[in-house]
Amino acid sequence: FLKEKNFSTPITPEFVALFQQLLPVERKMWVLTASLNEVKLGSILIATYGNSAEYLAGAVNEHGKQVNAGQFLLWNALCAMKNKGFEWFDLGGADPQKTPAGIMHFKQGLNGLPYQLVGEYEMAQGWIAKLIKIIIKYL
């Protein structure tokens, strides 16, 4: 989906695969996929920690959007994590300008507790910080 949508992110499939390898068995990330008549519609990635689960990433193709695959995947993830005993589920952001209308409607319908993050800031300076940025860029 990243290639299909020409989407760039520092969290590459290679990074996710390596991270998954390093996680202990009880904290492995979950991947949920949706398909209809053997046609892939989309997938989501869920991480767990403590008593919480978090929606990390997801992608749905055009056919998936037509049949609300994103909402289907999130609902099934919520149910699966609840059945596993997790008390909290972070669905990620719900920005009225950035979140697709269908996903926004779904998230609002769950009547969750909204919160807002302060944003990203970089504090590291000097040659070591620059070297780390270069290494991460090419991973």
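Author: Four strands make an open sheet in the order β1-β2-β3-β4, with mixed pairing. Strands are DSSP runs of E, at least two residues, and helices are runs of H or I, at least four, numbered from the N terminus. This is a predicted model: local features need pLDDT of at least 70, side-chain atom pairs count only at pLDDT 80 or more, and totals for chains, interfaces and linings use all residues. Residues are numbered from 1 along each chain as its sequence is written, and side-chain values use heavy atoms, leaving out hydrogens and water.

Reader: Which are the edge strands?

Author: Two strands pair if DSSP finds at least two bridges between them. β1 (30–36) and β4 (88–90) are the edges, each pairing on one side only.

Reader: How are neighbouring strands turned against each other?

Author: Axes are lines fitted to C-alpha atoms, for helices over the stretch in contact; angles run from 0 to 180 degrees between N-to-C directions. Here the average turn is 25°, direction ignored.

Reader: Which strands run parallel, and which antiparallel?

Author: β1 and β2 run antiparallel, joined by seven bridges. β2 and β3 are also antiparallel, with eight bridges. β3 (residues 52–60) and β4 run parallel, joined by three bridges. S52 has W88 as its bridge partner in β4, and Y49 pairs with S52 in β3.

Reader: What do the hairpins look like?

Author: The β1–β2 hairpin has two residues between its strands, and N37 in the turn has a positive phi of about 50°. The β2–β3 hairpin has two residues between the strands as well, and G50 takes a positive phi near 55°.

Reader: Which helix packs on the sheet?

Author: Contact means heavy atoms within 4.5 Å. Helix α4 (residues 69–83) touches β1, β2 (39–49), β3 and β4, and its direction makes about 35° with that of β2.

Reader: How many salt bridges are there?

Author: A salt bridge is a side-chain nitrogen of Lys or Arg within 4 Å of a carboxyl oxygen of Asp or Glu. The count is one. K65 pairs with E62, their closest N and O atoms 3.3 Å apart. Both lie in helix α3 (residues 62–66), three residues apart, about one turn of the helix.
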